[in-house]
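Reader: I am new to this structure and would like to go through it by question and answer. Please show it to me.

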Amino acid sequence: MAADQQLTLYDLATRPLRSPSLSISSHNSSSFSNGYKRRFDDRSTTKTSLALRSYRSKRNLRQQRNESSQVGSLFKWSELSKITTFITSLNFETTYGKVIQVKSNAIYIALSTANGKIIIFNYNQDIQFTLDGQESGDISSMAFSSDSSFFAAGFRDGAIRLWELKSELAKPYFTIYPNSKNGHEMNHSIKFLAFIESQTHNLISLDEAGVVIKHNGFRKLRNVYFFSERLFTTEGRIQSSSMLPIGSSHQVTDGMGILALMTRDVLSIYSTTSLNDSALSQVKTQYKIGVKSLENVTALSWFPCTKTLNGVSNAKLAYSWNNVLGILELNNKVFPSNFLKIVNEARDKDKVVPKLPFLKTAKRTLEGNVTDIKWIQSDVVCVFTREKMSTFYYDGTALELIGEDILGEYLQLSSAKRCFILSQNQKLFLGRQLSWADILLEKISASNYFEALEIADEYYNTNSVGKLVAVGLPTDKTKRSTLVRPYLVEIMKESLSHLQSIEPAKYLEKYLTIIAYVGYSDILEEMLSVVDNDQVFFQALEPFIFSESILILPPAVLKLLVEYYASNGDLLTEILCTLDIRCLDIDLTISLCKKYDLRECLIYIWNYLLGDYETPMLDFIKDFRQLDPSLVNTENAFMGYTYISFIFTGRQFPTDKFIATDEPTQTICDILFSSGSITRNGEVVHALDDDTIFPYLYTFLKTDSFQLLSAMNEFFESSYLNDNTRYTRQFLIEALLDLYEANKFSEYDKCQLAIFTARNYPKYPQFIRLSESTLDAVIDRLCSNKDPEIAQDCELALQSLTSVYLPEDDHFVEKLEMGGFHNVLVTLYSSEQKYANALESLLLKDVNEEGFMGEFQTIVNDAFTKGKDANERINLVRVLKANFAKLVLLDVDEFFTLIEKYVPHLHKEILSVNDDVLKYRYLSKLFMEGHGLGEFLREYIRLSIVFEKGSVTGIVEKFKDMINGDENIMTLLKENEIIDGQAIIFSQQHKFEDAVSVIVDRLKLIQDLVFKDECESYVNLACTICEHPAAYKNTTDGMTLNERLWLNLITSLVDLANTATSPPVHEFFNGCIHDCFRKISDYKLSNSKDEQSFSTIFTHFLQVYSNDNNNANFAKLSNIRGILQEVFISYSYEGEISEILLRMLNDAVYKNMMVVRSIKHRGVAN
């Protein structure tokens, strides 16, 4: 901004936060910004109040904070060192071989080795069981029963072995050998194995050939028996499989053995077990979806139906093809609440259960193919890619990424109890889900304080339900803040000593943001000492103060702030007026305010902290007594008027905040309306004239009557004056009148008093009583004003006063006219129903003034609806007519509406308007609404040719009856080559040959196809003219006029086609000839009476060209070869149809005659 430019209110709202060297006052010298008014009704402001209002519009920085898009690790990965040491020992590898598979549940961790051995550990890393297989073999799958009492393993040779987990060295409980009849084929590896829900003797197995088998076991005496049953064989190789486990909420699916299988292109969900008997099979496809792809990487994982704090959570299946993750939910809500009871009481339970309602609820595309999926709770699922684990929150409709863990390449993965067991390079790792406190303590223990602070800040403020659920924090903000706030405070305390080596700009904003919402400002003093740079610290703190995020500062920080900003008075004032300064060092601040001449700041301290409203007022009076630019700061002296205005309207100076008590108002009134001098600290406070009545009121009026009376005008709206027994509105206005009468004031000052009186007398008639002579004097003073700067205020005052009082003065109107008070005259004349005079007065105003058209409409409407004097309406019409051109300029549409409604005969005045654009708009509206007359039509067509030539034909067609051969309009159309318009008028006059000739003459001028569409419209119009009903009359040559017109048109088109030098033009006219014959056939051959007419036209056409002695007749006949072929085909087709219809009719007649004959023979016919 240039140095000589003034900062406006709009600049204020957009100015950046700045250092103390950049103050608002350095750019702003406008009187308005300093609180001085320009208009009588303006509301007093200060630079500080404007600045604070601007800051308040941008407050609450925390509400604008962006939700962090970064995600971190939610798991802690630690090596199971005891197990790792054991399984990597030489003795273990010699005895058992290397670990090849891992399977875990909530209690145990099972490891299978290359030698077919299984060792089961507990989570204390102690060996719990060593399973003796008796027969060695390669293990391909493992499973625990739901109660951990049984363990099963599938082998590559197709065998399945069970153990009962009782003793440390467990013997096999039962072995299910391969069986080609009912079981798995020999050497078909078992790829999947699972116990059916809570059963220990019922299993589902799946081999590499896609054969799904159910195994049912039972005890009989001391023996155990297992029977196997093949359920089905899948199409394609099974890539992923999972069985729905039993959950904490009992559902109908718990006994159905729900199994999900995925091939490369199909996901299928089956129920496998009968609800009537768990030993019986009941295979039913419950759901199936597919994808189109040759190669897919698949994964899937169930989570059972569980009870949660929010109710029952549906069973869910997470599945993936390549990098696309999806969720299916089993919608239990479709079942009635007593459905389980209905099923249990049913004789055949399987028939009662319908097809299970699975719904697709969420889908997300990831980076990289998914290799495995594991649920850790009902709304959190972990998805594994090659080297990374991504954790998602599932809300029932979408998947939100809330965590990421880098894993590196791993061999195998198993999960249970919200933990993961990961096998990597013959080492086992336990991944445990961390709580929010664990995450923070881990960062603190690693001395990553700033990172810990950022994480705690996010936990405190995040709106992500997923992030909160994953770390165990409540979603309720109040409960969460109670938990997290102590951590935030402690982390800030602990971290300060570690920040000295870090650039302050990197952490200050984060710390101040946290201080703002936790309300712990005591740490600011220590933080200031750590930063050790006042400029950096206070510039970072400044926006938090102005946004009212931090309002309380420690005394030491507040003292340094005052000293730092003392050289920038406006900014210091804004800051102190925003802060809670009850702990401010008052003596220091006052001395600095006086030193740097910070008047607004000093007044705020006097008022807000000390409750002293008198001292600033008396200081202003002292300034007025020595009002000389060389002696005193003039701007500070005139600040007194703004101070009075603020106090009178119950606002704290200079902040614009509400004052709850009336004591400040009482103090100011006591000073202004004191009848004598005031003594303060033993000294008399002198006014400009101590001997006059109300000396201090006189001082303010004499210095600037406009500013004080404008402040008094605001004061008159205060409820304080309604209840106070001394300071009433009547008292105040009488005091002013008496003071003016007792002293000499300028004409300007007297006019200001008149404005004040005229504005407030009508507002408060119940509180103010003035004599007619006083009111007459007020009106005379306003009417005689010569100062253009206050003319508008004078007019508003007159409008206000004349609404309740009119002087008995025969020259009052003349005074108003001489003073140029047109608004007053309009109001006055309207009230007397002199609408013509009111309109004339209105027209003397600036027509561009806001609301002018509204006033005009009101006058006209009232004149014709409320006015009772016919002569007055005649006079109004005269004014409208005389000013028609001026009024139509204002708003064509609104003005037209009024004229059409009340005085439609004035429409003709539009013809005298010189502005063609306005005239065209007006006439368009006139004709569109159906009110156009013949006298306007020629001008309307002329203007349409100028502004919208394409619409002329439509206008001529619509108003052709009104044109009725008007030679002026025809001449206009000829001069502007409106061919179709001329043809329409000729046709209207039944001059059909002239109409067709006009069109043909225009077609002769065609050299290329630039105007192809236009020419096609001409030919179509000519065809329409030929078929005009009036053209069906005989001529002297034996042909009808209709036939003659068609023949002339076609022969003309043939001539044009054969004389065309351009092939495209030649083809175009041939097409027109074809279209003409088609239309003739449509018109003539559809009516048997007109068939002869078609023959006549066609015969004459052939005769014309067959008599041509030149060989051109062949060329001319080629013009109609296409249409000839269509005509002959049409005739042939119609002849064949006639023969068929006749044959059908004869057959029907014959059959009916035979019926009649048979009835006759029976003797029934009469």
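Reader: At what angle do the axes of helix α11 and helix α12 cross?

Author: This is a predicted model, in which local features need pLDDT of at least 70, side-chain atom pairs count only at pLDDT 80 or more, and totals for chains, interfaces and linings use all residues. Residues are numbered from 1 along each chain as its sequence is written, and side-chain values use heavy atoms, with hydrogens and water left out. Helices (DSSP runs of H or I, at least four residues) and strands (runs of E, at least two) are numbered from the N terminus, and axes are lines fitted to C-alpha atoms, for helices over the stretch in contact, with angles from 0 to 180 degrees between N-to-C directions. The axes of α11 (residues 504-518) and α12 (residues 523-531) come within 12 Å, and they cross at roughly 175°.

Reader: Are α11 and α12 roughly parallel or roughly antiparallel?

Author: Angles under 35 degrees count as roughly parallel, over 145 as roughly antiparallel, 65 to 115 as roughly perpendicular and the rest as oblique. The crossing angle here is roughly 175°. The two helices are therefore roughly antiparallel.

Reader: How many nonpolar residues does the contact of α11 with α12 have?

Author: Contact means heavy atoms within 4.5 Å. From α11, Pro504, Tyr507, Leu508, Tyr511, Leu512 and Ile515 meet Ile523, Leu524, Met527, Val530 and Val531 of α12. Ala, Val, Leu, Ile, Met, Phe, Trp, Tyr, Cys and Pro count as nonpolar, Asp, Glu, Lys and Arg as charged, and the others, Gly among them, as polar. The contact has no polar and no charged residues, and its nonpolar residues number 11.

Reader: How are α22 and α25 oriented to each other?

Author: Helix α22 (residues 705-715) packs with helix α25 (residues 747-760) at an angle of about 10°, the axes being 9 Å apart. In this contact 6 residues are nonpolar, 4 polar and 2 charged. From the angle, α22 and α25 are therefore roughly parallel.

Reader: Which strands stand at the edges of the open sheet of 4 strands?

Author: The order is β11-β12-β13-β14, with antiparallel pairing; two strands pair if DSSP finds at least two bridges between them. An edge strand has a single partner strand, so one side of it is left without a neighbour in the sheet. The edge strands are β11 (190-195) and β14 (223-233).

Reader: Which residue in β14 is the bridge partner of Asn216?

Author: Strand β13 (residues 211-220) runs antiparallel to β14, and 10 bridges join them. Asn216 has as its bridge partner in β14 the residue Phe227.

Reader: Which residue of β31 is the bridge partner of Leu422?

Author: Strand β30 (residues 419-424) pairs with β31 in the antiparallel sense over 6 bridges. The two form a hairpin with 2 residues between them, and Asn425 in the turn has a positive phi of about 55°. Strand β1 (residues 75-79) also pairs antiparallel with β31, over 5 bridges, and Glu79 stands opposite Phe429. The bridge partner of Leu422 in β31 is Phe429.

Reader: How many residues of β31 are buried?

Author: Buried means under 20% relative accessible area, exposed over 50%, and partly exposed in between (1.4 Å probe, protein chains only). Strand β31 (residues 427-433) is mostly covered. Of its 7 residues, the buried ones number 5.

Reader: What share of the residues of the chain count as buried?

Author: The chain has 47 helices and 33 strands. Of its 1166 residues, the share that count as buried is 51%.
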